[in-house]
Amino acid sequence: MITSLLSQQIISGIAIGSIYALIALSFSLTVRALNVIHFAQGEFFMLGAFGAISCYMLLGLPFWLAIIITTLVVAALGIALQWVFYNKLWKSHHVFLLMSTQGTAIALANGAMLIWGPDAWRFPKIFSENVYKIGGLTIPEEMLWISFFAILIMIGFNIFLYQTKYGMGFRAAAQDRETAQLMGVNLAVADSFVFGSSAGLGAIGGLLIAPILFITPYIGPIFTIKGFTAAILGGLGSIQGAIFGGFLLGIIENIVTFWISSTYKDAIVFLILILVLLIKPSGLLQKKTIEKV
Amino acid sequence: MKKNISLAILAIVLLVLPLLFQSRYTQHILNMILIYVMLGISVNLIFGYIGALTLGQAAFFGIGAYTAAIISTKLGLSFLPCVLCSAVMGCLAGFIIGIPTLRLKGPYFAIATIGLNNIICIIFLNWEHLTGGAVGISGIPYASILGLQFDTERKVYFLLLVSVFLIFLLYRNMISSHYGKVMIAVRDNELAASAMGIDTAKVKVIVLAISTTIAAIAGAYYAHITNYVAPDAFPVMESITFLIIIVLGGAGFKYGPIYGAVVVVILNEYLQYFEQFNMLIYGVLIMILLLFLPSGIAGIVEIAKAKYYEKKKIYYLKEVGIDEMK
Amino acid sequence: MLKINKINVFYGNLQVLRDVSLNINKGEVVAMIGANGAGKTTIIKTISGILKPSSGEVLFEGEDLTKLKIPKITGKGIAQCPEGRRIFPQLTVEENLLMGSYTRNGDKAGKTKDYEWVNSLFPILAERRKQPAVTLSGGEQQMLAMGRALMAKPKLMLLDEPSMGLAPMLVKSIYDIVKTINAEGISVFVVEQNAFMALNHSDRAYVLESGKIVLSGTGKELLDNSEIKNFYLGKKVES
């Protein structure tokens, strides 16, 4: 009985976990490449959801097209913000940098509020509402689709990063900017790739989960902090760690909700964040501490 | 001599100010400025002088407010004991939270404080029999000292003015003392400071505790002025507002909190007219400030002063932080 | 091949190089020796474009490099082994080498050929192909840095302090490799504190002091110069 309940929670956790993993990945990208903790990550996520709403519900475009357009637009926004603000700020004190991303987050959330209004939007179901029952476990089909697409995106991203020449160049730039430049890596392109893909991945997370969530302009901060917690769990700045941390957090959250308390669910997430920061700041996967912080 | 005259003028202006404005609304704004000066001082100590970016100061503000609210409504204690209890709670909370978290470097501390602020808010919201849940606690009596009731905005103004003055004196003495130099040393180069024999961890925790004590005292005043506390008054966003006060006013400058509080409170009131654009403008403002005015209003004032003295060919000792501007 | 004409380079207000001129002919090994802080690394960084001179020109095959961006300069056939190796710690050995040929588009056969050549020069790198570069020893990291530079198919290779932190045995084998590389027709410009090794293995050399070139000549001449003996080689060599 217990094991089947537990496995049920784990399975439910995987779907939301895959979304956290996407956001955590966004965080880790800017941290590892440029040591920037980008606090507007949850807002890119929120914009992703609203992008899907606009393209799919309001403009009537097919869902796949909505995905592509939204991702590209949000990625472009991420790059634009980079050029306007962070290029000038990222050599300054980390406090300024952090505050500027926080300022971006506030501006984006409220900009979205002006466009889409303060009320919650309900996205139509696009995935099938079938529920599979396998040996006492219930698995909604849409959860499977969400996890499937999220994992697909992450695999694709990993292939790009680890199997292609440009991915290699960007990884090199993340480790040693000056030398990468000597090798011929265009740093401006590498930086824009980091900011663009970071924002784009967050947006994909948002539009994938739009069908099972009420979307308001103010959902950003909670996903920022959860994505960040996931990134910290796996080791901030690590690609694989972010993905691991995302799934872990999703599962933990489900178990906590089920067995402890749903009221204090978020409080426990924050507690985990603080505890991991204090006890194992390099994340659960890493053996060494990251000195770079 | 000249300094004394200008101080006297300032004192007269501050005392006459509420009499000039008859409307209750304007007087309310004056009071909010004073509360925010306290909070600004609190944030400036830990952020401006220690360099620890806190995004959770509203939690301590809330702890102070709730402590005062609970003690005055449930135990019926009067104003001063309430402020004292709030201060003690704020100080304790500062120590308990500071000792583990201040080990975290840079942005990691900021993130821990965000988590903390959220946890405290969730507790305010859900510990219903103590905090009243989402409804909050109402019916907090007006502040009264020795039978004197502070039940109008104008009376509150003088109470706040005296309190802010006392806190400001304490704060000014602290930062101009030897300990203030130690704090700046810790902020500018922690490694070098510890190599000089400074127990940097201790300095940071003590300053945080002082800063959270001041925030909690501000909370107690807030509870007694508004007669009502609810969990939605202390979100992370409020912590960010405190930070904006300091960045705008000038982090690490003595008068930074004052400039910042005046501008932010007035700006806030004007932005009310733009309702929906309010926060958008806020966000953009932060970015522009950081880009073009990283040392805030106090920085501009210092530069202006430096130029003025330079013209008069008087050697001007640059104040802390001015060298960052160039 | 490379001709530096009276360059002046500043770090902020501090002048690091004063009217430095030098030239490197095709097929030569040219050394530059000097004490710590004399400005040796600054010269390397100016050639590769990381620093821009306030005046003067850096001509490579007749073209002024000071107006080009860093990746362009690399593409012209100037490869650098930076001071402190600067390998990419988290990339594998193989990926580090491939980073060297980043600017070479197409020419797959050429790249494969060079990759094999580098592996034959440094067999240890072939053995450690899949390891993250951070796991290599200091000497192996130096070899990797050199191998990476060779992957760019350079005409001129800039070596910044290749002997730094290495055991004498390793230093010798590094310089043997320099000889082999040079035999392939690649010009080498090496900057060193280890004057003895550098002078012994170079055709010509310059001496840099406080941002100025104070002496130049063939490696042999300088080795016999009494001032050089006193200042850079120490008594051990004299006896």
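How many bridges link strand E4 (residues 55-60) of chain C and E5(C), and in which sense do they pair? They pair in the antiparallel sense over two bridges.

This is a predicted model, in which local features need pLDDT of at least 70, side-chain atom pairs count only at pLDDT 80 or more, and totals for chains, interfaces and linings use all residues. Residues are numbered from 1 along each chain as its sequence is written, with chains lettered from A and ligands numbered from 1 in the order in which they are written.

**View 1. The open sheet of chain C.** Four strands with antiparallel pairing (at least two DSSP bridges between two strands) take the order E2-E1-E4-E5. Strand E2 (14-24) and strand E5 (63-64) are the edge strands, each pairing on one side only. Helices (H or I, at least four residues) and strands (E, at least two) are DSSP runs, numbered from the N terminus. Asp64(C) in E5(C) is the bridge partner of Leu59(C).

**View 2. Helix H1 (residues 40-48) of chain C on the sheet.** This helix lies across strand E1 (2-11), E2 and E4 of chain C. H1(C) runs at about 70 degrees to E2(C) (axes are lines fitted to C-alpha atoms, for helices over the stretch in contact; angles run from 0 to 180 degrees between N-to-C directions).

**View 3. Chain A against chain C.** Here 14 residues of chain A are in contact with 19 residues of chain C (C-beta atoms, placed from the backbone, within 7 Å). Helix H6 (165-175) and helix H7 (177-182) of chain A each supply at least two residues of the chain A side. H6(A) gives the largest share, five residues.

**View 4. Chain A against chain B.** The contact takes 33 residues from chain A and 31 residues from chain B. H4(A) contributes the largest share of the chain A side, 15 residues.

Methods: Contact = placed C-beta atoms within 7 Å.
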